[in-house]
Amino acid sequence: MNKIEHIGIAVKSLKESNLVFEKLFGQPAYKEEEVESEGVKTSFFMNGPNKIELLEATKEDSPIAKFIDKKGEGIHHIAFDVDDIEAEISRLKEEGFIVLNEKPKKGADNKLVAFLHPKSTNGVLIELCQEIK
C-alpha cells in the first residue's frame, strides 16, 4: 500500500454536506459523479495532498444507506492506493483478511476498487484503489 488515497464519509445529503465541506476547505468539490452499481453519488474534495470523498445513497438498499441507518453519518471507509490491486487482494487473502471482492470493480474517480471486511481490520472498512490507466 502506497498511501491513504482518501477517506470516505457517508452523508444523508450530498448537496447539504458539500456546502459544509466547501466552507471547511474554502473551495468547492473538484468532482461529483454517480456510481450506479453501488447505489451512490459521490463528491471529492482536496485539502493539500489529502482527499475526502462524500457518499450519498441513491438506493434504499445500498451499502451507504444501510451504513447510515445503522450508524448515522460519519466516516465510512479509509482507502489506500495500490499499484497492483489483484496482487494486493491475493496477498491480503493469504494474510487472513476477509476480502469482500474477489475481483476488483470500477469505482468512482477513475479507480478499480476492492474492499476488506471490517471484521478482519479492527472494525474499519478498508478500500483498495488502483488508478485505471
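Predicted model: local features only at pLDDT ≥ 70, side-chain atom pairs only at ≥ 80, totals over all residues.
Local features need pLDDT of at least 70 and side-chain atom pairs 80 or more, while totals for chains, interfaces and linings use all residues. Residues are numbered from 1 along each chain as its sequence is written, and side-chain values use heavy atoms, without hydrogens and water.

Visitor: What pattern does the protein follow along the sequence?
Guide: The protein has 3 helices and 8 strands. These are DSSP runs, helices H or I of at least four residues and strands E of at least two, numbered from the N terminus. In sequence order they give β-α-β-β-β-α-β-α-β-β-β.

Visitor: What share of the 133 residues is buried?
Guide: Buried means under 20% relative accessible area, with a 1.4 Å probe and protein chains only. By that cut-off, the buried share of the 133 residues is 45%.

Visitor: How much space lies in the largest pocket?
Guide: A pocket is an open set of points on a 1 Å grid over the protein atoms alone, where a 1.4 Å probe fits, with protein on both sides within 12 Å along at least five of seven lines. Points are joined across faces, edges and corners, and the volume is the space filled by probe spheres set on them. For the largest pocket that comes to about 840 Å³.

Visitor: Which element gives the most to the lining of the largest pocket?
Guide: Lining residues have an atom within 4 Å of a point. The largest pocket has 36 of them, with Pro63, Ile64, His76, Phe115 and Leu125 nearest its centre. Several elements give two or more residues, including strand E5 (74-81) and helix H2 (63-71). The top contributor, with 6 residues, is H2.

Conventions: Buried < 20%, exposed > 50% of the residue type's maximum accessible area, 1.4 Å probe, protein only.
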